Amino acid sequence: MFLKLGLLFLSLFISQMIYADAGWVKIPEDPTIVRLQDNFGRCTGTRISHQGHILTARHCFNQCLIAGQFVQTEILFPSVGWQSPKLYKFNSENPAVCTMNVDGVEQELEVVFASGGFMTPSEQGSLSVSDPQVYDQLLESYFLYNGDYAVVKQRVDHPTSCRAVSTTAVEANETIYYMGYPTASMGGRPEGYESDGESLLLSRGHRVVSMAENTCIDTQSSTLAAVLKRYDRPEIFLSTIDVLPGASGSSVLNENGEIVAVVNSVYSPRVNMYQHYCSGSAVAVGVERILQHMAEEDFPAQDVFDCEM
């Protein structure tokens, strides 16, 4: 019943998608989509169980995890001093509890599962230049954006609506959707690609197979090979949906309304994403990788994904 309700909300508005890929349509609140807010910014999450579990991006909780000492810190290059990139390892034996505003109500959320480690965006950029070999090793270990996902648990008094995940692969050019709470865009974007910063928006797009399809990339650039090495990976789900900050943690949905990936970033070189849209720039982590990671850690996925998984 709960899943069907969520799917109904999606199907009612897909017919309104009058724009081409990535165009946004303002829709009413959906019971499976939550707005997450703290002092550092906003994210979006999707309910994945009747018991209050929410799937989102791990970086939405970075500040809480670091400040609350819920992670172990390792200095990668001590000789560099304070500028040295730091590696933050998530400590699953010490449950993290973070205070977050959930749909307008401040409450505590428990981080029950997160990818194995992370670095801040600025540290990632610094490391990719200072030591590409170490950066590649971390990439292979899913410590960077290709491992940016988390499951948090909200205390609920009654069963909640939720969405199922799909283990069926989405092929290239297949239509996908996402619903999220992106922050406000700025002037210059075409009609249908604007956000007021408050509304729940529905976007349509399709999966792409390479970051080379990003319309903002200079295919003649000397750095193209490094970009493709970074993003053209099997665990990364690239698409043409339009992503702005605030939409991090949104679930990518197939045409059945099932979760196939989790949005965590966008690659839009040489342009201001608030003013311009780069087709093919959205970066997400596929559900297959999340389930694989849970299996590797002997984490019972069925306990958090219980919407007819």
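1. A nonpolar core here is a set of buried Ala, Val, Leu, Ile, Met, Phe, Trp, Tyr and Cys residues joined through side-chain atoms within 4.5 Å, and buried means under 20% relative accessible area, with a 1.4 Å probe and protein chains only. Helices (H or I, at least four residues) and strands (E, at least two) are DSSP runs, numbered from the N terminus.

2. Before going on, please note that this is a predicted model: local features need pLDDT of at least 70, side-chain atom pairs count only at pLDDT 80 or more, and totals for chains, interfaces and linings use all residues. Residues are numbered from 1 along each chain as its sequence is written, and side-chain values use heavy atoms, leaving out hydrogens and water.

3. Which residues does isoleucine 290 contact, leaving aside its neighbours within four places in sequence? They are Leu55, Tyr149, Val262, Val285 and Phe305, where contact means heavy atoms within 4.5 Å.

4. Next, have a look at β12, where eight of nine residues are buried. β12 runs antiparallel to β1, joined by four bridges, and antiparallel to β11, joined by six; two strands pair if DSSP finds at least two bridges between them. Strand β13 (residues 236-239) also pairs with β12 in the antiparallel sense, over two bridges. To find these pairings in the model, look for lysine 26 opposite leucine 201, methionine 179 with leucine 202, and arginine 207 with serine 239.

5. A separate topic is the open sheet of three strands, in the order β5-β6-β9, with antiparallel pairing. β5 (71-75) and β9 (117-118) stand at the edges with a single partner strand each, so one side of each has no neighbour in the sheet. Two bridges join β6 (residues 86-90) to β9, and tyrosine 88 stands opposite phenylalanine 118.

6. Finally, the structure holds one cavity of 30 Å³ or more. Its lining includes Arg189, Asp242, His276 and Tyr277. On a 1 Å grid over the protein atoms alone, a cavity is a set of points where a 1.4 Å probe fits but cannot get out, and lining residues have an atom within 4 Å of a point; a volume is the space filled by probe spheres set on the points, which are joined across faces, edges and corners.

Terms used: 1 Å grid on protein atoms, 1.4 Å probe; cavity = no way out; pocket = protein on both sides within 12 Å on 5 of 7 lines; lining within 4 Å. Buried < 20%, exposed > 50% of the residue type's maximum accessible area, 1.4 Å probe, protein only.
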